[in-house]
Amino acid sequence: MRHNNKINHLGRTHSHREALLSNMAVSLIQHKRILTTLAKAKELRKYVEPLITKSKEDTTHSRRVVFKKLRDKYAVTELFNDISQKIGNRLGGYTRIIKIGNRLGDNASICFIELVDYNELMLKGPKQAMAKTRRSRKKTETGLERELNSTDFVPQNTNDKKRLSIFEKYATNLMFLKENGFINIEMKYDKTYICPICGCQFSEKSLDQTSENSLTLEDAPPKSLGGSANVLTCKQCNNTCGYKIDSHLVSRMKELDRVKFIPETENDIIVKIDGVTLRGKIKVEKDGTIKILHSIKNNHPLQLGEIMEKVKKDMVIDMNFLKRNVIPENLEYALLKTGYLLFLEKFGYSLILDNCYNLIREQLLNPEKRIYPMGFWFKPLFPREMNGVYFVCDKGLESILVLFTLNTGLSETMFGTFLPLPINPLKDVIQKIDAKIQKEKTFPLTLYPQEQKIADYLSDKGNLAAMYKWIEERR
Ligand SMILES: [Zn+2]
């Protein structure tokens, strides 16, 4: 039994735990405030506070002692030069933990841990808003500790306005769903936005881009593939799975254009002539003429000259495209993210708060692991008008199919991604659908009536009730 054992091992071996706390301490010193789980924050506090105390005595010895723990010279400098000055007259208690709620996936308690003396400086701007909040709180009839935030955020530019209108759209939807008893969720603010990726709740204040973990614009599909901003994700999530995974999809789509010899494209190639390898470019002109260009820059000039002599008419030349650094998994997760966010756009929070979507959220936050079942996407040959979110009705295959088109500016490709419904495990569904498509060589699925495409699922009670009923009948 673990009597008198106050150390939380955080489910890690000793060295793993030390490494984790060391990394987190560095982040805290750099950013002054980080988002983490409550358990980790409590352990971090015990880890970092002695280091801060140590920094009050600026000697080579204490710097070395601290470096041994942090392993980051910039953090050590920041700690001894800057942080130690600010906290000089405190006798401990340098950090503050602010609980912000539970994570949607595993219900873990999430909080901010911050350096106290920095918080005051950071909050200088929003202080007025805080005072306003307190006054209006008394006015709320429910007596609940809610923040009235209609005047919290004043848009300054076009992007601010965009963010505010998206915020309003989904916050209204969430309120509507709760008031009509469609979902049961404890909302932290009168107007609440839930980040679809981490499931954390945000108030209108988070639209302020200077706030810690602000809400940022997200495009589904990615902007460079024809999408435009339609949802918000928090900065943390955007850093983990925003541009990083989208970029793989974008470069792959552009690469596919080049490989298809679409006019006005250029592609790096490797050519083999007479056993000699040359690097070059293949250029497709506007009129379709294909040119292979070799530059002196990429090749040895003498060798290039020698080889060019040997090139004759009708000669067969081996050519390979130079591969770009695309991680196939990330490319797939970008498709998953696009499908998931389009699903949010169409159905609001009516379904995505269900636990069965944790699978997607977990996958998007961990692009290096494979969590979501393989084979969830395909390239259907439907006309562009088919773009939309559908329910697959076939018995045992009930799922959601999101169809969307990616546009590189030179070509268009339609993609379909399957998302789960809270009825049956997605893995089985995908396997069955895949087998069916392989066997019948056509698209053999029955989709929920066409009128669903134009139906409003954000604020129409009738449509929502019908949708929930349809799902319940299939349980
Ligand atoms: Zn988030």
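1. A quick definition to begin: helices here are DSSP runs of at least four residues, strands are runs of at least two, and both are numbered from the N terminus. Counted that way, the chain of this predicted model has 15 helices and 15 strands.

2. Next, the overall picture. The C-alpha trace spans about 85 × 70 × 55 Å along its principal axes. Of the 475 residues in the chain, 29% are buried. Look also at who touches whom: among contacts with a separation of 6 or more, 60% join residues 24 or more positions apart.

3. How is the chain divided? There are domain 1 (14–122), domain 2 (126–152), domain 3 (155–246), domain 4 (248–321) and domain 5 (328–473).

4. Now take domain 4 and domain 5. Their centres, taken over C-alpha atoms, are 39 Å apart. Where they meet, 9 residues of domain 4 are in contact with 8 residues of domain 5. On the domain 4 side, helix H9 (residues 243–259) gives the largest share, with 6 residues. By class, that side has 3 nonpolar, 2 polar and 4 charged residues.

5. Finally, a hairpin worth a look. Strand E9 (residues 276–284) pairs with E10 in the antiparallel sense, over 5 bridges. Here Ile-282 stands opposite Ile-292 in E10. Between the strands of this hairpin are 5 residues, and Gly-288 takes a positive phi near 95 degrees.

6. Is strand E10 (residues 290–294) well covered or hardly covered? Hardly covered: among its 5 residues, the count of buried ones is 0.

Terms used:
Residues numbered from 1 in each chain as written. Predicted model: local features only at pLDDT ≥ 70, side-chain atom pairs only at ≥ 80, totals over all residues. Buried ≥ 20, exposed ≤ 12 C-beta atoms within 10 Å, placed from the backbone. Contact = placed C-beta atoms within 7 Å. Pairing = 2+ DSSP bridges. Domains from an automatic or database assignment. Nonpolar A, V, L, I, M, F, W, Y, C, P; charged D, E, K, R; others polar.
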